[in-house]
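Hi everyone, thanks for coming along.

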Amino acid sequence: MRWTRGDEKAGDSPPLPGSRRQSNPTTRRNRISTFFILVLLLSIFLLFATLLPAGSVQKFKLWSGVHNGQGLETESHNEGEYLIGVGKADITGPCVEINLMGYADPHQIGTGLRQRLYSRAFIVADPVNPSDRFVYLVLDTQSGDTAVRYGILSGLQEFGAEYENYGHHNLAVTGTHSHSGPGAWLNYLLPQITSKGFDQQSYRAIVDGALLSIRRAHESLTPGHLSIGSTKVFGANINRSLFAYLANPVEERARYNVSSEDDGSVDKDLTLLKFQRASDGKNIGVLTWFPTHGTSVLGNNTLISGDNKGVAAYLFEKSAIDDETAAEGFVAGFSQANVGDTSPNVLGAWCEDGTGQMCSFENSTCSDGRSQKCHARGPFFRANDEGTSSCFEIGKRQFEPARKLYDQLNQAPIPVRGGWVKSFHTFHNMSGHQFQLPNGTEVRTCPAALGYSFAAGTSDGPGAFDFTQHNSNSTNTSPIWRVVGGMLKAPSEEQIACHAPKPILLDVGEVSSPYQWTPNVVDVQVFRVGQLVIIVSPGEATTMAGRRWRNAVRDQVTALFAEESQSASPIVVLGGPANSYTHYITTEEEYGIQRYEGASTLYGPHTLAAYINVTLSWIPYLSSSASSRPPRGPEPPNNSNRSLSFIPQVIRDSPPFFKQFGQVKQDVQEKYQIGDRVTATFIGANPRNNLRLERSYAVVEKRITPPAHSVSTVPGAGSEGEELRKEQTRNQNQDQTQENKESSVDANADTWKAVRDDSDWHLVFRWRRTSELLATSEVEITWETAADPWAEPGRYRIRYFGDAKSLAGHISEFEGVSGEFELLT
């Protein structure tokens, strides 16, 4: 364990024309000793059993003070042709013994794997000026992150001169906002608390996999075309903070109220960008944007998965395997949008207290006045499966309209026009940004702070103790929380006034010991290709916040670039949370309600307006003739090599006495019907010994053209015959490795083909420690054929791949294989 005290402070952001910056007076911060910090972490540990991310208003028009275009260059373009590339790589971190990231429940510790996590990379470049390019990453993680982004940028530099065109300005690291991935990889202290600190293995899995996906996308770059379209997605999201949404102006909400099914409370639009290579007309991938939280799988789940976005990508990529319009290695990215107040639990929030009532509309509480029994319900909430069935359904509801839109674009493409590809990125200090609103009012942002309702959580994942949404403050919660907040740092009167009406629970933005708790420096980034403009948001913008941000950018782009040749009406999307994690971004009206999202809006009531102000100030750098970049701004710290860690390491593995690793403890039955659960249990070892990236822990193999002398013909209907059959099968397969499982000894020998692996939703790998003292463990592998739409009759077996660690630290691979079983209709 290594750590040092972080004492750097973010510098000023580059000045924005038309906005005035003045230094924010601050009081001298008290230095907190290391011992005191450790005591404090323990005292507030349970507080974070909640989601971390889990008057008249002027329409935002053109903001004053815009940079002039710089460095004019004119090039002729082949209209609509770009260099395009896609790539996908495994980023699955430790699936056991690490706290899951999202619900911030210290008791939610990983026990296995339902679906591997991936980085999906999409690169678009200008064929005339190849240095004009961007790479958009979609990670199956809770969010983007500062340390992860630094790690990726460092790796790209190590790749050499061929990758010199990638940098801060054109790399977007977005997360699908899954709450079912391993944690302990984030840059700042606050989200590290419930994971017991920072884990290098978890961090490196994400960084290395992201780099591999970029390399694959880069190496696949080829001339091609982009087409774009949108469609409606129904039944996949609702607004979980409708009370706050209704605080927005009536006339503004009316613009989005189309029908009873599309009432504007959430965005129902899915935007899809299709990548088609020119050489043979085949599609190499799709990138979509649609808002719904990654909270279909519930807080009592302990299996790693990509949640509903991971399901949608999995289904789309499987649908492309035998599709003549799709190239081999087709990649489908399902990115988030203005996700802040959305929920995939579309049946609403209900009280699980026996009353049969829905939760309170204003503050999501139940009959006892508390939030703990208020839980949102997915479409299959009655299934006792930690939300797994609902998750697959919500993913399917995103996949199906996306696939239909893809087919429509194949028949009638809507091309992205204009050969230019532009991007910008800058760091901006939000701890005291002073600027003018469009109506001339002078406002400023504040150092980051979290309100009382942050600790209440949401109906997707309620918090603990006596916190509630909307009306929590120091007068109606236990006095202990005022003490806890004060122990961290008591907010000054200036800070209290700046954040009002938010009652401050944790003044996290003014604490930098042992290192920063939350970011004050944020990423501001936008991409442009033709008429498509992508806002890359570091936080979770709510439905209306995202609309205002998109509309402001659309207006600015329209005004500045209307005279460009080949120009078309801009299409603006918002993706995130990306590059860092700055919690939530609400409208000022929603902020005033102070439900969870408002309490988690870090920089005060003008947070959204500040993001818009800064974004619009740099829009001229997206001009087709721009050849320079904005100043980088004050860089945030990289804490990846100095973060605290109290996560125990694997010491050793041992099989039980007189047993071997990989040996079958409980074998499969001889026959199953489609709809049954097929399970085998093996003597195992800790999966943290080897993440098996790009490989698998569990595989289902299908027997192809079995010979007449198949061991399934062993006589004996009783248990003795069954055991003989299984023993013969294990003996025959003892020396067979993964490499030869699809080959045959001769033309008449049987062959085995892997038909399910860790990437498949319905093949589940579970690990359990059976003795801490003896260091023994077991692995259970289950094929859930009932929900598997591709299950078909045949003869199968289950194979387990493991890695055992000796007391000396040596790690050795081993395998186990079950007996054969027959799957019947």
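Let me start with a question: which cysteine forms a disulfide with Cys-446? The partner is Cys-498, and the two sulfur atoms are 2.0 Å apart. By disulfide I mean a pair of cysteine sulfur atoms within 2.5 Å.

Before going on, a word on what we are looking at. This is a predicted model, where local features need pLDDT of at least 70 and side-chain atom pairs count only at pLDDT 80 or more, while totals for chains, interfaces and linings use all residues. Residues are numbered from 1 along each chain as its sequence is written, and side-chain values use heavy atoms, with hydrogens and water left out.

Now the overall picture. The protein chain has 825 residues, and 62% of them count as buried. Buried means under 20% relative accessible area, exposed means over 50%, and partly exposed is in between, using a 1.4 Å probe and protein chains only. There are 15 helices and 38 strands. Those are DSSP runs numbered from the N terminus: H or I over at least four residues for helices, E over at least two for strands.

Back to our pair. The torsion about its S-S bond is about -90°, so the Cys-446 and Cys-498 disulfide is left-handed. As for burial, Cys-446 has a relative accessible area of 0% and is buried; Cys-498, at 12%, counts as buried too.

How many disulfides does the structure hold? There are three. Another one joins Cys-351 to Cys-366, with the sulfur atoms 2.2 Å apart. Cys-351 belongs to strand 15 (residues 349-351), whereas Cys-366 is in the loop between strand 15 and strand 16 (374-376), 15 residues apart. With an S-S torsion of about -100°, the Cys-351 and Cys-366 disulfide is left-handed. Both of these cysteines are buried.

Then we have Cys-359 and Cys-374, again with sulfur atoms 2.2 Å apart. Here the torsion is about 115°, so the disulfide is right-handed. Cys-359 lies in the loop between strand 15 and strand 16, and Cys-374 in strand 16. Cys-359 and Cys-374 are buried as well. If you number the bonded cysteines in sequence order, the pairing reads 1-3, 2-4, 5-6.

Let's turn to a sheet. Strands of a sheet pair through backbone hydrogen bonds, either parallel or antiparallel. In this model, four strands make an open sheet in the order 17-24-25-27, with mixed pairing; two strands pair if DSSP finds at least two bridges between them. At the edges are strand 17 (421-429) and strand 27 (571-575), each pairing on one side only. From one strand to the next, the twist averages 15°.

Strand 25 (residues 532-536) and strand 27 run parallel and are joined by five bridges.

Terms used
Axes fitted to C-alpha atoms, helices over the stretch in contact; angles between N-to-C directions.
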